[in-house]
Amino acid sequence: MKKQSITERFQQLAGIKPIYGNKLNENISMFTDYVSSLYDADVEEKEGFQSGIWEKEEYGDPKAYGESAGKFISLVKYLNSVGGKATLEGNPDINLELLPGGDIQWSANVALTEGKYDDVKTNVLDAINNMSPDEKQTLNPQAISKLIYNTMEETGVYLFGDQADELEAEVKLTLSGKSQGAGEELEVIGTDNRDSRHTVLSLSNGSSVEVDVIELYQNLKSNQ
């Protein structure tokens, strides 16, 4: 499930006030990316209440986690400063509690989005297909993010992690295809590797799209 919360990223790009944080725990939003990454690594693909413990001895070890160890220590200090408990609001809310010794217990009521991805995708693509060519030309990254976020709001389904990244990439590919003439196929004319998994494809129509190479390979393999 997630790295940076895709909902927050969409909201930021779309100019919408983030849903995370409140007057009581407003500073917890500083740790959104970090907490989300730890949560996504631990949470299981099942609905209902889940909890776990992030041990200071493990996550606070700079030899094992490098700079991330510093983030864990900062999170421990933050929780200590607010009485030992905080909630990162989202879908779902992630509750944090500081334990003796500096360990952190997390808990959340998990609601899976499995099977609902197609509903969000269909609504987004239908909205794009109903646009005029001129309207499609105005769909810059900010407008795309706002469209996706508004669709998630309407459906009540908030996508995270690979699902959210996949939808964002698919929308960009769809828009790139719509700018071509009927029957024309797009060609990849260049690549820009961002890391071991993600690369930016430069397309023959002058546009570009970032893709998850591993996920793209798996999709191609499953469609053979």
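These legends accompany several close-up views of a predicted model.

**View 1. The whole chain, to get your bearings.** Of its 224 residues, 37% count as buried. The chain exposes about 12,900 Å², and carbon and sulfur atoms supply 46% of that area. Take the contacts between residues at least 6 apart in sequence: 59% of them join residues at least 24 apart.

View 2. The mean pLDDT of the chain is 75, with 69% of the residues reaching 70 or more. Among the elements of the chain, strand β3 (residues 94-98) has the highest mean pLDDT, 95, while helix α1 (residues 6-14) has the lowest, 54. Please read two stretches with care. Residues 16-26 have a pLDDT below 50, and this stretch makes 25 contacts in the model beyond near neighbours in sequence. Residues 178-183 also fall below 50, with 7 such contacts in the model.

View 3. Tyr59 belongs to helix α3 (residues 56-59) and Phe72 to helix α5 (residues 67-81), so the pair links parts of the chain 13 residues apart. Are these two residues buried or exposed? Tyr59 and Phe72 are both buried.

**View 4. Helix α5 and the glycine that follows.** The 15 residues of α5 should span 21 Å at 1.5 Å a residue, and the 22 Å between its end C-alpha atoms agrees with that. Its buried residues are Ala69, Phe72, Leu75, Val76, Tyr78 and Leu79. Just after α5 comes Gly83, which takes a positive phi of about 90°.

**View 5. Helix α6 and its buried face.** Helix α6 (residues 117-129) has 13 residues and reaches 18 Å from its first C-alpha to its last, close to the 18 Å expected. Which of its residues are buried? They are Tyr117, Val120, Val124, Leu125 and Ile128. Seen down the axis of α6, these buried residues fall within an arc of 120°, so they line one face of the helix. The general rule is handy here: an α-helix has 3.6 residues a turn, so residues three or four places apart point the same way.

**View 6. The surroundings of Gln105.** Gln105 lies in strand β4. With a relative accessible area of 28%, Gln105 is partly exposed. Its C-alpha atom is separated by 4.3 Å from that of Ile53, although Gln105 and Ile53 are 52 residues apart along the chain. Leaving aside neighbours within four places in sequence, Gln105 is in contact with Ser51, Gly52, Ile53, Asn95, Leu96, Glu97 and Leu99.

Methods. Residues numbered from 1 in each chain as written. Predicted model: local features only at pLDDT ≥ 70, side-chain atom pairs only at ≥ 80, totals over all residues. Heavy atoms only, no water. Helix = DSSP H or I, 4+ residues; strand = E, 2+ residues; numbered from the N terminus. Expected span 1.5 Å × (residues − 1). Buried < 20%, exposed > 50% of the residue type's maximum accessible area, 1.4 Å probe, protein only. Arc of directions from axis to C-beta. pLDDT = per-residue confidence, 0-100. Contact = heavy atoms within 4.5 Å. Areas by Shrake-Rupley, 256 points an atom, 1.4 Å probe, with all protein chains shown as cover.
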